[in-house]
Structures are given as structure tokens and as C-alpha cells.
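Hi,

Here is the structure I promised to pass on to you. Have a look at it first, and then read my notes below.

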Amino acid sequence: MSDKTMTTDEVVSRLHSGMTLGIGGWGSRRKPMALVRALLRTRITDLTVVSYGGPDVGLLAAAGRIRRLVTAFTTLDSIPLEPHYRAARERGAFELTEVDEAMFMWGLHAAANRLPFLPVRAGLGSDVMRVNPGLRTVTSPYADASSGVREELVAMPALRLDAALVHMNRADRQGNGQYLGPDPYFDDLFCEAADAADVSCERVVDTAELTKEAAPQTLLLKRSSVTGVVETPNGAHFTSCAPDHGRDEPFQKLYATTPYAEFAARFLAGDEQAYQSAVRAWHKEQR
Amino acid sequence: MSPASPPAPGAPAATVTRAEYCVIACAEAWRDNGEVLASPMGPIPSIGARLAKRTFSPDLLLTDGEAMLVGLDGTPEGWLPYRQHLTMVTGGRRHVMMGASQLDRFGNQNISCVGDWARPTRQLLGVRGAPVNTLNNPTSYWVPRHSPRVFVERVDMVCGVGYDRAAAAGPSATRFHRIPRVVSDLGVFDFATPDHSMRLASLHPGVTVEQVREATGFGLSVPDEVPRTREPTPEELRLIREVIDPGGARDREVRS
């Protein structure tokens with residue numbers, strides 16, 4: 001079986017400007033931040049980013065790498081409004097495809113199942129229809145038995161991705177990915193909806209290790225939908241990655257209150273190792 | 001109807017605070033809901049949902065704010081990751097109380113942005129799950145500071161769908177659409193009017209109809225006799241003050 005392990009730089013070397021990129025996690029939870037940081041070290045731009053947005057979107061927006069964003073929200077969770085995303089939106093820095101959380105999920109489901117769309121009730125009557133004039137509805141071929149009504153629903157188009165980036169707690173070298181926290185979020189769907197999916201993880205382990213202490217249903221990602229595996233300890237930082245680490249709230253607050261250029265100069269100028277040691281140095285100063 | 005006088009300065013601590021009336025009014029949203037998920041957003045709705053479960057609606061389900069369904073003492077009783085939470089929404093076994101940056105007379109709600117959507121003057125959260133919530137399960141709202149900036153003639157971006165917009169969108173939109181109540185720091189509101197426009201359902205003690213009218217940016221339907229928000233029972237007060245919110249989070253959200 002093929003060994004899919006690689007470095008973060010090898011992962012991003014296979015991405016290119018203009019592609020549609022899905023980013024897993026949710027808000028400020030288990031985001032593939034080390035891969036996002038690696039992406040920021042390249043010159044890749046003009047991205048269509050598909051994400052339940054958190055600081056991944058904030059960083060890419062602040063760095064001017066997004067041409068279009070597909071999302072239902074962008075938040076830091078403990079800090080409701082993502083400041084860099086907000087600033088970028090208010091200066092009209094990119095196009096936005098704003099859909100509801102459930103529409104977004106059905107878009108990924110449609111892509112993963114190779115369907116052109118899936119019907120969803122959400123969106124009807126809301127301004128999601130106004131700000132996405134390309135959205136169409138679909139009428140059920142079946143009439144409701146009691147009312148005789150043939151329901152008209154939103155036809156959520158497939159959110160097909162050129163590439164997906166997700167972060168797991170564990171993975172083996174073949175790309176079997178495991179989450180150990182309370183919520184899988186939608187990372188399996190992101191991988192299945194993408195032509196190529198790269199998984200960063202806290203630790204690469206032998207396949208036999210995956211089920212030694214954890215239940216089989218923690219095995220979220222199948223290797224058939226994973227292209228690359230990279231070990232990035234603390235790689236979701238500063239978002240949460242339970243049970244390996246919680247959210248780094250003080251550091252997230254620093255991120256949210258520091259001008260991007262200043263933050264990038266101190267923390268994003270070097271490689272991932274330099275980032276992690278700059279974070280440690282900052283925490284030491286705070287004591 | 002004469003307005004109630006505000007609590008006297010230096011009144012004993014036993015005086016029911018405005019925040020406590022808000023808790024009661026939020027809790028009432030989940031009365032007789034049966035075995036459904038209560039999804040409160042914000043401190044006072046959260047205290048209200050817990051109060052309802054501890055008293056008159058014991059079958060309610062609650063989450064820990066993450067992926068676990070938990071009992072009142074925090075004991076996990078089930079698993080509810082986001083994708084199953086969305087099925088709870090679309091299956092209808094849920095009553096959510098959301099916040100609102102803007103809310104209009106027919107219950108259209110905005111949490112996405114203020115100004116022109118294409119180039120907002122203030123970017124907020126985004127539509128989040130408001131469209132799916134409002135079309136699928138009962139959706140109530142909580143507004144901690146009632147003002148004409150929140151209660152507007154027309155919202156800038158319809159996230160949560162109101163009665164007029166649902167009706168215009170047809171039977172798929174109206175089929176499960178329901179906005180049981182809006183609770184603010186001034187009173188309780190519903191849409192029990194012929195055209196489903198917002199109506200003043202009860203005033204919190206100490207608030208006048210005039211105050212509510214001045215703080216509302218559209219013409220509100222006001223019945224001849226406006227009831228007061230009910231008094232908490234001594235047991236409810238004890239639960240709020242000693243068990244559910246001993247740290248006083250409610251008073252930081254709504255001051256007396």
C-alpha cells in the first residue's frame with residue numbers, strides 16, 4: 001500500500017492559484033491551521049474557499065488570497081465576530097456566496113455523492129435567494145397525500161472541490177483518519193467532495209494503533225478519499241483539537257486584536273517550527 | 001391601565017429584577033413543548049431553558065454547547081454532533097431561541113450584516129442556521145436591549161424568515177414555519193394578529209406601553225389591555241438565584 005506521508009510544504013506545492021479549496025473543521029474548532037499557514041507562505045491566490053469559517057478564513061482574507069468565499073458564517077466562537085474577515089468584507093475584498101449551514105452541508109453531500117444538487121427546505125423566503133441569484137428551486141414529482149401540494153424546494157448545487165484540507169487527531173500513513181474529540185464536524189464530506197484531500201494530524205501512528213484504545217466509529221476518513229498525510233503536532237493551533245489540546249484562548253485574543261501585518265511579522269514569517277516556538281515565546285512573556 | 005412603578009432604590013434583594021422577568025419570559029417559550037431539544041442562544045435564554053426543564057418542562061433535551069446531550073447535572077445522555085443537530089432542526093424536534101441584530105414587524109431577522117449586503121457597513125456573523133431554523137422548527141428570539149436599531153421597519157438581510165416572506169415563498173416555506181415569541185428587556189411579543197404582524201403580548205413590570213412604542217421602529221399592535229409578564233414563583237426565584245445562575249450572568253446581560 002502506498003505511503004502517503006509528506007511535509008506541509010509538499011502538500012501546498014500541489015495546490016495552485018484559482019482552485020476551489022475546501023477547509024474542514026468548524027469556526028475555531030479543529031481547523032487545519034498548519035496547512036493554512038503553509039499556504040500563506042506560498043504565492044497561491046485567487047482561491048475559492050469553501051468553509052464553515054473561522055480563523056482559516058480570517059488569515060486567508062487578511063492576506064488577500066481569497067477571490068470568492070462560500071460560507072454560512074465566519075466566527076472565532078469565543079469571539080463571535082472574526083475581525084479580519086469582517087474588515088475584508090467591509091472593504092469589499094472578495095466575492096461572497098452566503099448560504100445557510102444546512103444548505104452548505106447538502107452541497108457537500110451532493111458533491112460527495114456525485115449528484116448535481118440536493119433538495120433542501122432551507123433558503124426559501126430568505127435573502128439567501130436574493131444574494132445568490134443563480135440558486136434555483138426544484139418541484140417534487142410527488143404530491144403530498146393530504147394536501148395535494150407538490151412541494152417546491154431549494155436545489156442546492158453540489159459544492160465540488162478541487163482540494164480539501166482537514167486536520168485529524170490521528171492518521172496512519174495510508175490516510176485512514178481518526179478524530180478523538182466530541183464532533184467529527186464535516187471533514188469526511190469535505191474529503192469525499194474533493195478531487196484531492198490532504199489530512200494533517202497530531203500524530204501519525206501504525207494502523208493497528210488506531211483501534212487499540214478508540215472505538216471503530218472514530219475512524220472518520222477512509223484512505224480511498226485521502227491523497228496526502230502530514231504529521232503536524234499542535235497543527236490546529238490556535239483552534240481547539242480535543243482531546244489533544246483545547247483552544248488557545250489568550251493567543252486567539254492576541255490574533256483578534258493585533259493588526260494582521262504585525263501578527264504576520266511576528267508569527268508567520270518563518271516555517272511551522274518557527275511559528276510554534278514564537279507562540280511558546282509569547283506565552284512565556286505573558287507569565 | 002396604570003404603569004407599575006420602578007423598584008424603589010435600596011429595595012430588598014428579594015425584589016424581582018428585570019433580568020429575572022426576562023428569564024421567566026424566556027422559560028415560558030418552552031412550556032408544553034414536550035420532548036424536544038431546547039436550543040437557547042445567549043445567557044438569559046440559557047438560564048430560561050434550564051429553569052423550564054427544572055420546573056414545568058422536564059422532558060426537554062439540552063446540550064453542553066458542544067456535541068453532547070446532557071442532563072441538568074451535566075451527565076451526558078446522548079450524542080449530538082452538528083450533522084445530527086441539523087437533522088434535529090429539519091426533523092422539527094427542536095425549539096431554538098436565537099438573537100437578532102435586526103427584527104421587523106413580521107418577524108424577519110438579520111444576523112448577517114448591516115447595510116448593503118454587497119459591501120456591508122458592518123459585517124456580522126452571516127446567516128448561520130437562521131434560514132433552516134425558521135423553516136423547520138419553532139424559532140423564538142431574544143433581544144437584550146430593545147431599541148429602534150433592532151426593531152426596524154425592514155431588515156437589511158433576511159436570515160430568519162418572517163411570516164410575510166414565508167407566505168410569499170409558498171407552502172414549503174410555511175409548512176413548519178412558526179415564531180412563538182420574541183422576548184426583550186421590555187416585554188414579550190408574538191404574532192397573534194390577523195396579518196401576523198408583531199403584537200405586544202406582555203409588559204415586564206415597571207415598563208410602560210409608551211416606552212415600548214418609543215423603542216420600536218415600526219407600528220406595533222397593542223391590545224387595549226396588555227397583561228404583565230407573570231411573577232416568578234418563590235421556587236423559581238430560588239432556582240434562578242441559587243442553583244442555575246448564582247454568579248449573576250443574567251444581571252450582566254440585562255440591568256435593572
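Let's start with E272(A): leaving aside its neighbours within four places in sequence, this residue is in contact with A34(A), R37(A) and R41(A). Keep in mind as you click around that this is a predicted model.

Where does E272(A) sit? You'll find E272(A) in helix 11 of chain A, which covers residues 272–286. Is E272(A) buried or exposed? Its relative accessibility is 13%, and buried means under 20%, so E272(A) counts as buried.

Now for the nonpolar side chains. In soluble globular proteins, such side chains tend to be buried together. Here the largest nonpolar core has 126 residues, and F186(A), F190(A) and F267(A) touch the most other members. Which strand gives the most to this core? That is strand 8 of chain A (residues 161–171), with 7 residues. Apart from this core lies another one, of 28 residues, including C22(B), A27(B), A52(B) and I244(B).

On to chain B as a whole. Chain B has 9 helices and 13 strands. Its radius of gyration is 18 Å, close to the 18 Å that the globule rule gives for 256 residues, so chain B is as compact as a globular protein of that length. Along its principal axes, the C-alpha trace of chain B spans about 50 × 45 × 35 Å.

How much of chain B is buried? Of its 256 residues, 56% count as buried. The accessible surface of chain B comes to about 10,700 Å², and 52% of that belongs to carbon and sulfur atoms. As for contacts in chain B with a separation of 6 or more, 66% are between residues 24 or more positions apart. Chain B also carries 28 positive and 28 negative side chains, and the centres of the two sets lie 4 Å apart.

Cheers

Terms used
Residues are numbered from 1 along each chain as its sequence is written. Chains are lettered from A and ligands numbered from 1 in the order in which they are written. This is a predicted model: local features need pLDDT of at least 70, side-chain atom pairs count only at pLDDT 80 or more; totals for chains, interfaces and linings use all residues. Side-chain values use heavy atoms; hydrogens and water are left out. Helices (H or I, at least four residues) and strands (E, at least two) are DSSP runs, numbered from the N terminus. The radius of gyration is taken over C-alpha atoms; the globule rule is 2.2 Å times the number of residues to the power 0.38. Buried means under 20% relative accessible area, exposed over 50%, partly exposed in between (1.4 Å probe, protein chains only). Contact means heavy atoms within 4.5 Å. Accessible areas come from the Shrake-Rupley method with a 1.4 Å probe; for residues, only the protein chains shown count as cover. Lys and Arg count as positive and Asp and Glu as negative; His and the chain ends are not counted. The place of a charge is taken as NZ of Lys, CZ of Arg, CG of Asp or CD of Glu. A nonpolar core is a set of buried Ala, Val, Leu, Ile, Met, Phe, Trp, Tyr and Cys residues joined through side-chain atoms within 4.5 Å.
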